[in-house]
Amino acid sequence: MTFALPTALLFFGLFVPVILLYLLKQRRRRVEVSTLMFWDKILRDEQTVTSLTRLKKLLSLLLQLIFIALLTLALARPLFSGKWTGARRIVILVDASASMLVQESSGTRFELAHKKAADVVRGMSFGDTAMLVAVGAEPEIAHPFSDSRKDLKDALDKIKPTHGEADFSKAMRLLDELPADERQTHVYLVSDGAFSPVSAPVSTNLHYAFLKVGEASENVGITAFQVRPLPASPRDFQVHIEVANETDKEQKVPLELRIAGKLADAYELTIPSGGVVNRTLRQYSADGGEVEAIIESRDAFQLDNHAYAMLPPPRKTKVALVDTNDLFLERALATDEGVDLTVLGGDDFPRKTNKFDVVVFTRWAPEKTPEGNSIFVATWPSDLGLPPKGALEKPLFTDWDREHPINRHLALQNVSIEKGVAVEKASGFIPLASSFNDPLVLLKESEKQKVLVVTFDPGNSDLPLRIAFPIMIANAIRYLGGLEHGERWQNPPLGSILSARDLDKFNPIETESMPDTVIEPGEKRIPLNVTEPLVAVHYAGFYRGLSGTNEIPLFAANLSSRTESKIKPAEKLPLKATGNAPLAEIKGGFRLGSEPWFFLVLVAMMLSTVEWGLFHRRVIE
Amino acid sequence: MTAPSKLESFRDDRAEPLFDDNFLETLEYLHIIARKILSGQMKAERRSRQKGVSVEFADHRPYSPGDDFRFIDWNVFFRTDNLFLKLFEEEEDLYIYILLDCSGSMDFGKPYKFHYIRRLAAAIGYLGLAGLDRVFIIPFSSALPKGAAQMLSARGKGKVFRMLDFLQGLKGTGPTNLSASLRTFAGSRRKRGLAIVLSDFYDANSMAGLNALRYQKFEVFAIHCVSPQETNPELLGDLRLHDTETGRFRDVTLTETLLKRYRRTFGEYCEGLEKFCRSSELGYVRCRTDRPFEEIIIQMLRKERFLQ
């Protein structure tokens, strides 16, 4: 036993004056009476047992000393060992996943969970400490271990359900990492349990209880939704959607597809009971924008009836062709919808090159390698570090890296080339295509610059007459122009934390200024810290950026989770033991309701009452 | 080790004058009231119960040889042929003995009990003197005074101031022995009369004293004087009680329960005394010192047929 305020024990010194006062003869008030005749008669009856009177006096002193002792101990606030008091360490895991938004008859599952968690907090006894964990995609400690019911209740009030999945396996790992404690650890899982059982740590001190919330089980929801532009036609895009039916009957569900808020198409999906339907739909959008899929289903879980995706507007790559009348190349670039072509003469260079994404030099090259992304055809600057070692007669495409984006969809076999330039092996250059050991196409990449070198003149080959030529040109332009960012078309998963770089990646409009505020789907605005902006993606819907007064579409987030769409609550604890030993369940037991000082004061008050009674019955001879 | 605490007394008003002008006016007022109450019943001015020679017929009795022939009732003889003697009430001075308790227990109370009892005695004495009766004031405590100078004997209204001076000179002190005092008084007086005992009767044998008077053919009237502090003491806590009569101390822790028991015991004692007086055909009146003494006198005159 320890004391929170040991200095209060000095009050035991009050024993001394009390005992002294007891030993001193009591000073009485002297009062005149005309006769003691009547008092004698009364008191004769009263004092038949003098030993009892003495005992009463002694008992009175004893009670006074106990009274002081109890109050002193109460002031010192004794703290007992948890083993003695039955105190517990409580971990309340509150499911904050999307399925907790299922509407039950008496409120959402999360509201019911809130009540149950509040009951656990209210039921805390003396010595209990509780930790509150909101379990979403990542378990968040809403409040560390504390014995303050008010603080815990406040923290509980601040927990909000997310639109993502709950990863209880991470929460279980959190339990594993708890520091050792002599008290028993009681883990309350406040959830619908609508997830696959996860492994939970087992120990003699660890006990579990499942506080189930929810009854509804039928649901139809979108479990996957993605859009991507077609590589060959950036204004066309594909929509992939998956709808699951978690009911006992086949469901016919109307599906609406909206682009930029306008109805683009409508379908009816027939989904078998317990099954899913996948559809890949082709759509067209000249400007891109927000894409939504909405199914009409009157189930308890509305969140998965709506899916979101952001389709960035197509953007043209600004290309300059420094030309010496290479008509094949000029036509190949001019016919590409994704290219904004400018043809320059040698005199215009290098004055106007800065504003282009890619500059193509053919049959002519400046003396020095310019900044920015460049393609050199047949000739290149001497400072590029690619010295020629002689002519290459009738080379053939014998090897090319088919995995590289520039070589995608290319068939280069049997291309006849009249003449090329043999080059020395140079560091930093990757050969993308070779004629035996002599490279024909080389790529040099750094953080700031990409340079592609073609060592032969396509005009001296039949390559321009082949289908591979415009594809190769388009691939090269997109690769060097930076449009081959696959991530650009993806939506970040719910629960992810995005940094500034991530935001920039999702920013479809390449503005130089970063958004200073992110607007969440619920219109909540999150100001971004300039040094380290972080945005947590917790809610399904469209996220927009705000740069000054300009609103920039950023990305969309979706629930799209088969697990969360299965809303049927678990009937028993959705945990499984990691070893052979079974999980221990929480049982009742003796626990003090509050700190001992309260009981000490209570006993002191009772003793005071007894002493009062003794005083009023006391007669001293 | 403890220093004696200050004695709390209920006699703070004993310094006030015993008989002032107002008191004398009250006495005169009482005399007028008494005359009105007793008008038509008084004869020069009081009758005794002794049979003797007077014009007031009292009774008949059979004739015995040696009786005075003058008192034979001849009318009765002619009607009955038997000789009967007419008896007449004897007219003589009424002797009023005012027995005043001057023990230490009277030296108490607020209003001061000894003042009160002396005023009562003065009022009764005044009425006696005004009625040309012989008034004796006999103070007593543990015994009767031995010398004649320690008691007062007076007759006629002119002795009022002497009576008042006498009363003023008395002191309430010493223990009470009421029964012994009354027995002594009853045995020493040849002349019977009205014996008015003014006391708090704090003597367990007080009834024996009253009986002694009764047996000696005194007309006895008990005036039981109590103070409010005695009937309903407002005391609580750890106290040291000091008996003003004996000087004895007693430590007591008073609670409401004990106080209730005291009140009950005190009430039973008073009622016992009253019951005894009633059953013995003695006059009795209980007066609390917070009641004006003239009210007590009027009550005595009206209800108790006092001085009749």
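How many residues lie between β7(A) and β8(A) in the hairpin that they form? The answer is three residues, and this hairpin is a handy place to start a tour of the model. The model is predicted, so local features need pLDDT of at least 70 and side-chain atom pairs count only at pLDDT 80 or more, while totals for chains, interfaces and linings use all residues. Residues are numbered from 1 along each chain as its sequence is written, chains are lettered from A and ligands numbered from 1 in the order in which they are written, and side-chain values use heavy atoms, with hydrogens and water left out.

Two strands count as paired if DSSP finds at least two bridges between them. One of the facing residues can be named: A134(A) has E140(A) in β8(A) as its bridge partner.

The overall make-up of the two chains comes next. Chain A contains twelve helices and 36 strands, whereas chain B contains nine helices and eleven strands. Helices (H or I, at least four residues) and strands (E, at least two) are DSSP runs, numbered from the N terminus. Of the 621 residues of chain A, 48% are buried; for chain B, with 308 residues, the share is 52%. Buried here means under 20% relative accessible area, exposed means over 50%, and partly exposed lies in between (1.4 Å probe, protein chains only). The accessible surface is about 31300 Å² for chain A, with 54% belonging to carbon and sulfur atoms, and about 15000 Å² for chain B, with 49% belonging to these atoms. These areas come from the Shrake-Rupley method with a 1.4 Å probe, and for residues only the protein chains shown count as cover.

Contacts (heavy atoms within 4.5 Å) can also be sorted by separation along the sequence. In chain A, 69% of those between residues at least 6 apart join residues at least 24 apart. In chain B, residues 24 or more positions apart account for 75% of the contacts with a separation of 6 or more.

A helix pair in chain A can be followed in detail. The axes of helix α5 (residues 109-122) and helix α6 (residues 149-158) of chain A come within 10 Å and cross at roughly 170°. Axes are lines fitted to C-alpha atoms, for helices over the stretch in contact, and angles run from 0 to 180 degrees between N-to-C directions. α5(A) and α6(A) are therefore roughly antiparallel, a label for angles over 145 degrees. On the α5(A) side the contact includes H114(A) and A117(A), and on the α6(A) side it includes R149(A) and L152(A). The contact residues comprise five nonpolar, one polar and four charged.

Further along chain A, four strands form an open antiparallel sheet in the order β31-β30-β33-β34. Its edge strands, each pairing on one side only, are β31 (525-527) and β34 (550-557) of chain A. Neighbouring strands of this sheet are turned by 25° against each other on average, direction ignored. Seven bridges link strand β33 (residues 541-547) of chain A with β34(A) in the antiparallel sense, and G541(A) stands opposite A557(A) in β34(A).

A266(A) belongs to strand β15 (residues 262-271) of chain A and is partly exposed, with a relative accessible area of 48%. Not counting residues up to four places away in sequence, A266(A) touches L255(A) and E256(A).

Note on methods:
Angles under 35 degrees count as roughly parallel, over 145 as roughly antiparallel, 65 to 115 as roughly perpendicular and the rest as oblique. Ala, Val, Leu, Ile, Met, Phe, Trp, Tyr, Cys and Pro count as nonpolar, Asp, Glu, Lys and Arg as charged, and the others, Gly among them, as polar.
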